[in-house]
Amino acid sequence: AARRAAAAARAAGSHELSLLAHRLEAEASSIANLGLDVEALLGGAERAAALLRVLAAAGIGSPATDALLRIAARGLRNALRHPPATAARRLELLDRWLGPG
């Protein structure tokens, strides 16, 4: 999803969106190489959720990309079946960001 958004940002042609495209490519690589520990999964879910807002603010979100990011964020969040108590506040905020569903 982040790579798809990077392509959309590049296609828009502005300098700012070109810089965003570069950052989105880096984010896509980082998310693709997440670890399997609680911190990595929770961080990946938070980053996918944050990308939804970044793409909307940049005006390059799309229904397909937004759906992929929501699925990724929810999937990573749901992988945390028995999170430690120290993650409770972050999970609460993430759940609020993602909303019902």
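Which residues does Ile 60 touch, not counting residues up to four places away in sequence? Keep that question in mind while we walk through the chain.

This is a predicted model, where local features need pLDDT of at least 70, side-chain atom pairs count only at pLDDT 80 or more, and totals for chains, interfaces and linings use all residues. Residues are numbered from 1 along each chain as its sequence is written, and side-chain values use heavy atoms, with hydrogens and water left out.

Start with the overall fold. The chain has five helices and zero strands. Read from the N terminus, the order is α-α-α-α-α. The radius of gyration is 14 Å, close to the 13 Å that the globule rule gives for 101 residues, so the chain is as compact as a globular protein of that length. Helices (H or I, at least four residues) and strands (E, at least two) are DSSP runs, numbered from the N terminus. The radius of gyration is taken over C-alpha atoms, and the globule rule is 2.2 Å times the number of residues to the power 0.38. Along the principal axes, the C-alpha atoms fill a box of roughly 45 × 25 × 20 Å.

Now look at contacts, meaning heavy atoms within 4.5 Å. Take those between residues at least 6 apart in sequence: 64% of them join residues at least 24 apart.

Next, what is hidden? Buried residues make up 32% of the 101 residues. Buried means under 20% relative accessible area, exposed means over 50%, and partly exposed lies in between (1.4 Å probe, protein chains only).

Go inside. A nonpolar core is a set of buried Ala, Val, Leu, Ile, Met, Phe, Trp, Tyr and Cys residues joined through side-chain atoms within 4.5 Å. The largest one here has 26 residues, and Leu 24, Leu 42, Leu 55, Ile 60, Leu 69 and Leu 94 touch the most other members. Each of α1 (2–12), α2 (15–32), α3 (38–58), α4 (63–78) and α5 (88–98) supplies at least two residues of this core. Helix α3 gives the most, with eight residues.

Back to the opening question. Ile 60 touches Ala 5, Ala 8, Ala 9, Leu 17, Leu 20, Leu 24 and Leu 55, not counting residues up to four places away in sequence.

Pick one of these partners, Ala 5. Ala 5 sits in helix α1. It is buried, with a relative accessible area of 1%. Leaving aside neighbours within four places in sequence, Ala 5 is in contact with Leu 24, Leu 55, Ile 60 and Thr 65. Ala 5 and Gly 61 are 56 residues apart along the chain, yet their C-alpha atoms are separated by 7.1 Å.

Leu 20 is buried, with a relative accessible area of 18%. Not counting residues up to four places away in sequence, Leu 20 touches Val 54, Ala 58 and Ile 60. Arg 96 is 76 residues from Leu 20 in sequence and 26 Å from it in space, C-alpha to C-alpha.

Is Leu 19 buried or exposed? Leu 19 is also found in helix α2. Leu 19 is exposed, with a relative accessible area of 52%. Leu 19 and Ala 9 are ten residues apart in sequence and 8.6 Å apart in space, C-alpha to C-alpha.
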